Amino acid sequence: MAKAERRGGQYRKMLLEQQGQMIPEEESSGGIFFRIRFYVCLCLFAAYVILDYTKVSVGSVDSSRIYAEIERNMTENFDLQKAWSQAVEAVRVSGE
């Protein structure tokens, strides 16, 4: 099945041609990156489910550690003043 047939259907394509309207161009790469991210997320989720059901650990990673890292509060031990000062020190101003 062609890409144009999946998007709007063959009937829509013929109708637009008969009316003399332009057929919209396909999106160049917006959809492909979404698909790649979707499939990567799907594979990661499947790996998590397999680790959870089989109670297997890969290296030092198992499903309970993954869950603990997801649930961990990242702002708990976060020092905003220190992070801000490090960010400001890292910025270089040139042109003097």
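**Notebook: fold, one serine, salt bridges, surface**

I counted the elements first: the protein chain has five helices and zero strands. I'm using DSSP runs here, numbered from the N terminus, with helices as H or I of at least four residues and strands as E of at least two. Along the sequence that reads α-α-α-α-α.

A note on the source: this is a predicted model, where local features need pLDDT of at least 70 and side-chain atom pairs count only at pLDDT 80 or more, while totals for chains, interfaces and linings use all residues. Residues are numbered from 1 along each chain as its sequence is written, and side-chain values use heavy atoms, with hydrogens and water left out.

Next I checked confidence. Mean pLDDT (the predictor's confidence in each residue, from 0 to 100) is 78 for the protein chain, and 79% of its residues reach 70 or more.

Then burial. I call a residue buried under 20% relative accessible area, exposed over 50%, and partly exposed in between (1.4 Å probe, protein chains only). Of the 96 residues in the protein chain, 4% are buried.

Is Ser63 buried or exposed? Ser63 counts as buried because its relative accessible area is 7%. Leaving aside neighbours within four places in sequence, Ser63 is in contact (heavy atoms within 4.5 Å) with Tyr48, Leu51 and Asp52.

How many does the structure hold? I found two. Asp52 pairs with Lys55, closest N and O atoms 3.8 Å apart. Asp52 is partly exposed at 28%, whereas Lys55 is exposed at 66%. Glu69 pairs with Arg72, with 3.2 Å between the closest N and O atoms. Glu69 is partly exposed at 42%, and Arg72 is partly exposed at 46%.

Last, the surface. By the Shrake-Rupley method with a 1.4 Å probe, where for residues only the protein chains shown count as cover, the protein chain exposes about 9200 Å², and carbon and sulfur atoms supply 59% of it. I also noted Ile32 in helix α3, which counts as partly exposed because its relative accessible area is 41%.

Conventions. A salt bridge is a side-chain nitrogen of Lys or Arg within 4 Å of a carboxyl oxygen of Asp or Glu.
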